[in-house]
Amino acid sequence: MSALTNRLDRAAAQTRVAGAMSGLLRRLRHAGGNVALGLIDQALLSGSAFVLTIVLANVLDINSFGRFSVAWAFSILIEAVFLRGLFDDGLPATAHRIPKSLWPQLRLGLYLSSLLVSGALGLLLVGAGLVIAAVGGDAGGLVIATGLAIPAVRLQSMFRRICYLDGQLPRALASSLTYCVALVVSAGLMIALKLAGAAAAMACIAISAALAGSLLLAHTRELAWPQARIFRGSLRRLFRNGRWFVATSLTYWIGSIGLMPVCGFLIGLDASASLRILLLVFAPLSQFCATMFSVRLPEIAAELRAGRRSAVAAAARENALLLGSIAAAYGAAVVLLGQRILALVIHGQSYEIGTGSLALMGAAMALDAVWLGLALPLFATGKPQRFMLSRIAGLVALCCVLPFAAEAWQVMGAVAAMVASSAASVITVVLTNSARERT
């Protein structure tokens with residue numbers, strides 16, 4: 001009898017193990033599919049930005065391309081730093097605090113509030129552009145086009161973020177594909193009609209983003225008019241954490257994309273254009289890291305909501321190792337092949353991009369990838385303020401190094417300042433994490 005019981009117990013144990021392994025494999029396949037779709041989605045956006053930038057670098061004179069780069073940098077400041085910090089970055093942590101039955105109200109509330117804020121900012125820029133044009137300024141058209149692009153890009157970004165939250169990555173992929181097709185068509189018409197210019201290029205982005213974001217109209221059945229209590233509570237939670245997301249993203253923007261207008265002031269618009277090309281070369285790496293962030297953020301938010309500190313620390317180390325290794329490999333490939341590729345795709349313009357600048361940018365991006373991996377779990381739990389000290393340290397390092405390095409080595413000096421900033425951020429976050437784990 002005991003032998004039969006033992007055999008039954010062993011069989012039951014084997015069944016439990018097999019069931020657990022089967023569940024794990026299903027989760028891995030699901031995660032792998034999401035990552036693959038996310039990579040394709042980001043590749044479409046990154047590829048379209050790459051092609052548009054290369055086209056503009058060839059058809060515009062270097063100063064016009066520099067002006068476009070500065071306008072693009074400020075549009076990123078508004079969208080990727082301010083609006084995304086307020087509405088997107090804290091969304092997974094906020095959404096998982098309310099029942100899924102209330103998510104339709106959350107979705108519509110986010111669409112309405114984000115469009116209201118971005119539309120107001122866009123109208124301010126359009127008004128400023130009209131004033132500039134009225135007094136005879138050359139930048140009026142570009143400012144107007146940037147003002148129109150801001151709410152359009154916000155709509156597209158909000159739709160994609162909600163798709164990632166819901167696990168509906170095919171919808172995000174369809175939106176990105178729509179954006180790419182619209183951008184190719186509008187840019188082709190711009191060139192064919194001989195309207196090529198910084199303002200026309202920004203208008204192409206605005207039109208394409210508006211069309212991509214309009215796909216939400218096909219999913220209105222998943223929206224519900226928000227109750228005032230749910231709407232206020234969700235927005236209050238988003239904005240409470242959002243100020244930390246905005247501050248963290250702002251310090252990052254200043255140390256990377258924000259260097260374009262700074263270099264334009266310190267060195268010249270040609271330096272802004274060269275820095276834009278450098279960032280473009282590393283855009284696929286940035287998009288890959290953004291994909292991993294977007295795919296993993298909702299999953300980690302659900303897993304770590306009630307997790308221990310050790311679980312958060314372990315997830316941080318795993319993500320930092322993964323993203324840092326990939327970034328280092330990508331940087332090595334760029335150092336070997338970057339100049340050859342740029343020589344093939346850019347003709348007729350001279351940009352200050354050498355092997356030293358490529359190597360330094362690779363180092364800065366690898367350090368940023370490590371920082372993002374360390375930060376991801378705390379973003380998932382809605383606690384980005386713990387990483388603000390590291391970004392402030394990076395900003396201090398940037399301000400100390402940039403004026404002297406840019407004067408001595410021009411664009412290469414600006415990139416060296418980025419390396420110093422990223423290194424200071426990573427060192428600070430590692431030290432603070434170590435101190436926190438010991439307490």
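Arg-67 lies in helix α2, which spans residues 62-87, where helices (H or I, at least four residues) are DSSP runs numbered from the N terminus. The model is a predicted one, in which local features need pLDDT of at least 70 and side-chain atom pairs count only at pLDDT 80 or more, while totals for chains, interfaces and linings use all residues. Residues are numbered from 1 along each chain as its sequence is written, and side-chain values use heavy atoms, with hydrogens and water left out. Arg-67 counts as partly exposed because its relative accessibility is 39%; buried means under 20% relative accessible area, exposed over 50%, and partly exposed in between, with a 1.4 Å probe and protein chains only. Setting aside neighbours within four places in sequence, Arg-67 is in contact with Leu-142 and Leu-269, contact being heavy atoms within 4.5 Å. The C-alpha atoms of Arg-67 and Ala-198 are separated by 7.0 Å, although the two residues are 131 residues apart along the chain.

The structure holds 2 aromatic pairs, a pair being rings of Phe, Tyr and Trp (its six-membered ring) whose centres lie within 6.5 Å, with planes under 30 degrees apart counted as stacked, over 60 as edge-to-face and the rest as tilted. One of them joins Phe-74 and Trp-253 in a tilted arrangement, at 6.2 Å centre to centre and with 45 degrees between the planes. This pair links distant parts of the chain, since Phe-74 is in helix α2 and Trp-253 is in helix α8 (residues 228-254), 179 residues apart. Phe-74 counts as partly exposed at 39% relative accessibility, whereas Trp-253 is buried, with a relative accessible area of 9%.

A search of the whole structure finds 7 salt bridges, each being a side-chain nitrogen of Lys or Arg within 4 Å of a carboxyl oxygen of Asp or Glu. Arg-160 and Asp-41 meet in one of them, at 2.4 Å from N to O; Arg-160 lies in helix α5 (residues 140-166) and Asp-41 in helix α1 (residues 2-59), so the pair ties together parts that are 119 residues apart in sequence. Arg-160 counts as buried at 11% relative accessibility, and Asp-41 counts as buried at 0%.

Glu-79 and Arg-154 form another salt bridge, at 2.8 Å from N to O, and because Glu-79 lies in helix α2 and Arg-154 in helix α5, the pair ties together parts that are 75 residues apart in sequence.

Helix α14 (residues 388-438) contains Ser-390, which counts as buried at 2% relative accessibility.

Conventions: Helices (H or I, at least four residues) and strands (E, at least two) are DSSP runs, numbered from the N terminus.
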